[in-house]
Amino acid sequence: MTTITRQPMDACPCGKAVEKFTLKNAQGAYVEISSLGGTIMSIHVPDKDGKLGDVTLGYDTTDTIIHGTGYMGKLIGRFGNRIGGAAFELNGKTYTLAKNDGENSLHGGNKGFDAKVWDAKIDGEKLVLSIVSPDGEEGYPGTMHVTVTYTFSDDNALGIHYEAESDQDTIINLTNHVYFNLEGPAAETVCNHRIQILADRFPEVSSAACIPTGNLPLVEGTPFDLRQPRLIAEGLSHTDECEQLQFGHGYDHNFVVAGWDGSFRHIATIFDDKTGRRMETWTDQPGVQFYGGNAISGNTPGKLGKPYVARQGLCLETQHYPDAIHNPDFPTCVLKAGEKYDTRTEYRFFAE
């Protein structure tokens, strides 16, 4: 049985109270989540010797959550990933978004869901976070009611349940930007992790802006063939001959879930042989963004008191494909007025 406790954190500069919630299961493993950004602050799970350890990068104070780079552990919306040209057309009307990633819009704009203090309540073994995003916020149409529910089971599965409704047709792509390192946040690389992604195609990107071309090439014969576990460093060793890796400065690409039909399924696994930890990613989403932490940098101290470095953590962000609104052959990211957006993701942890 999971118990949930709450404690205050420093208030946000906006004056809103911020809280930290600890979800602890019957085995003693636990997850810490802040109401600021819905941020996953830590995930403490056992290694092969039964020793608990944190397996995430991130920040542990209100100030560092606000000023820390990389969206670490935060809920992302209204639209995770990139929208080309920072604009889109829907129902014959053009909507203009913030250009916060060159000429494109990234992760919901200048002040996305990651910057909000979410309303929080404990519902038995569930932590339920909610916000209302008003019509026109960051350029998006419709007043949107959003609920994200976190759970942490006795078998060390962190569940994230995203729900949303809008009073106007709009677009949506919710995800969480948690950075994993199964060896722990003191380890300086994830390149020694092995990764498996059950995808046979990926959205090709056109440049370092990482906007999809619309083409979905096969992974076979490329560094993107991760259908069998592959050392991340080995894949990166092909950068000189792989233009796609050059564009992303490493892995920063979406992967097309093989045989996607909307069912909840296992789509990816990462392995750390040193600790014996393994993490499976499960979702009903059509894609997963594998980001290898290529651009991690900055002067904001992490939870261990020093800045993180490039490729110290990786993300597996379950989501729709980037720029889906401009690619009619991609699964739709449009949420019709009155319909419900309802999607789940789980990160399941094992040690062996």
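In what order do the five strands of the open sheet stand, and is their pairing parallel or antiparallel?

1. The order is β1-β2-β3-β4-β5, and the pairing is antiparallel. Keep in mind that this is a predicted model. The edges of the sheet belong to β1 (3–9) and β5 (52–54). Each has a single partner strand, so one side of each lacks a neighbour in the sheet. On average, neighbouring strands are turned by 15° against each other, direction ignored.

2. Within this sheet, look at β3 and β4. Strand β3 covers residues 30–34 and strand β4 covers residues 40–46. They pair in the antiparallel sense over four bridges. As background, strands of a sheet pair through backbone hydrogen bonds, either parallel or antiparallel.

3. E32 also has a charged partner. It forms a salt bridge with K20, and the closest N and O atoms are 3.3 Å apart.

4. Now the count. A search of the whole structure finds 19 salt bridges. In general, side chains of opposite charge can pair when their charged atoms come close.

5. A second pair to inspect is E137 with K116. Their closest N and O atoms are 2.8 Å apart, and they form a salt bridge. This pair, too, links distant parts of the chain. E137 sits in the loop between β12 (126–133) and β13 (144–152). K116 sits in the loop between β10 (105–106) and β11 (119–123), and the two residues are 21 residues apart. Why is K116 classed as buried? Its relative accessible area is 15%, and buried means under 20%.

6. D342 and K340 also form a salt bridge, with the closest N and O atoms 3.9 Å apart. The cut-off for a salt bridge is within 4 Å, so this pair counts. D342 is partly exposed, with a relative accessible area of 41%. K340 is partly exposed as well, at 47%.

7. Finally, a network. Which residues are linked in a network of salt bridges? They are R82, D101 and D252.

Terms used: Residues numbered from 1 in each chain as written. Predicted model: local features only at pLDDT ≥ 70, side-chain atom pairs only at ≥ 80, totals over all residues. Heavy atoms only, no water. Pairing = 2+ DSSP bridges. Axes fitted to C-alpha atoms, helices over the stretch in contact; angles between N-to-C directions. Salt bridge = Lys/Arg side-chain N within 4 Å of Asp/Glu carboxyl O. Buried < 20%, exposed > 50% of the residue type's maximum accessible area, 1.4 Å probe, protein only.
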